[in-house]
Amino acid sequence: MKIFQQRLQLRERSRGFHLITDEVLRALPQLKELRVGMCQVFIQHTSASLTINENADPTVRKDFEMYFSKIAPENDPDYQHDYEGSDDMPAHLKASLLGASVMIPVTNGHLALGTWQGIYLCEHRNYGGSRTLMITAWGE
């Protein structure tokens, strides 16, 4: 079995949902060496997250932002963790709901994503800064 791992530093992005599939693929060219395997993408942050969803229509990503802003609103007077700004606690909640990693099968050197699937960076802070991913792929 082969195992590959790469750290990827993503540039700062605005709050919202951003396709990063191509950046992940560029960061791990060794993926082409795997006939069958798995790839995990893990984000090393607590106020941003990862998910897989629609990669064609950008309105899906806008609707994601709208929905998550409704279920974890800013300026809720019940939040105790607010010293980093009004977007901080909602960002932690959104990140917990979506998760810190995605797992994708690898088939013949490619991520076995569906036709309309892509990897999203879910940036939940207004000014989150650059984000760090650890990408690990293994298989034969």
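I'm working from a predicted model here.

Next I checked how they pair. Arg-125 makes a salt bridge to Asp-88, with the closest N and O atoms 3.0 Å apart. Arg-125 sits in the loop between E7 and E8 and Asp-88 in helix H3, so this pair ties together parts 37 residues apart in sequence. I then found Asp-87 bridged to Arg-125 as well, at 3.0 Å, N to O. Asp-87 lies in the loop between H2 and H3, so that link spans 38 residues in sequence. Asp-87 is buried, too. Through shared partners, Glu-84, Asp-87, Asp-88 and Arg-125 join into one salt-bridge network.

I counted the salt bridges: nine. Another one I looked up is Arg-15 with Glu-74, 2.2 Å from N to O. It ties the loop between E1 and E2 to the loop between H2 and H3, so the parts it joins are 59 residues apart in sequence. I have Arg-15 down as partly exposed at 22% relative accessibility, and Glu-74 as partly exposed at 25%.

Then the helices. H2 (58-71) and H3 (88-98) pack at about 115 degrees, axes 10 Å apart, and the crossing is right-handed. On the H2 side I noted Glu-65, Phe-68, Ser-69 and Ile-71, which meet Lys-94, Leu-97 and Leu-98 in H3. That contact has four nonpolar, one polar and two charged residues.

Last, the sheet. I traced five strands, open, in the order E1-E8-E3-E5-E6, with antiparallel pairing. E1 and E6 are at the edges with a single partner each, so one side of each has no neighbour in the sheet. E1 pairs with E8 over nine bridges, and I found Gln-9 opposite Thr-132 in E8.

Definitions and conventions. Residues are numbered from 1 along each chain as its sequence is written. This is a predicted model: local features need pLDDT of at least 70, side-chain atom pairs count only at pLDDT 80 or more; totals for chains, interfaces and linings use all residues. Side-chain values use heavy atoms; hydrogens and water are left out. Axes are lines fitted to C-alpha atoms, for helices over the stretch in contact, and angles run from 0 to 180 degrees between N-to-C directions. Helices (H or I, at least four residues) and strands (E, at least two) are DSSP runs, numbered from the N terminus. A crossing is left-handed if the near helix is turned anticlockwise from the far one by less than a right angle, and right-handed if clockwise. Contact means heavy atoms within 4.5 Å. Ala, Val, Leu, Ile, Met, Phe, Trp, Tyr, Cys and Pro count as nonpolar, Asp, Glu, Lys and Arg as charged, and the others, Gly among them, as polar. Two strands pair if DSSP finds at least two bridges between them. A salt bridge is a side-chain nitrogen of Lys or Arg within 4 Å of a carboxyl oxygen of Asp or Glu. Buried means under 20% relative accessible area, exposed over 50%, partly exposed in between (1.4 Å probe, protein chains only).
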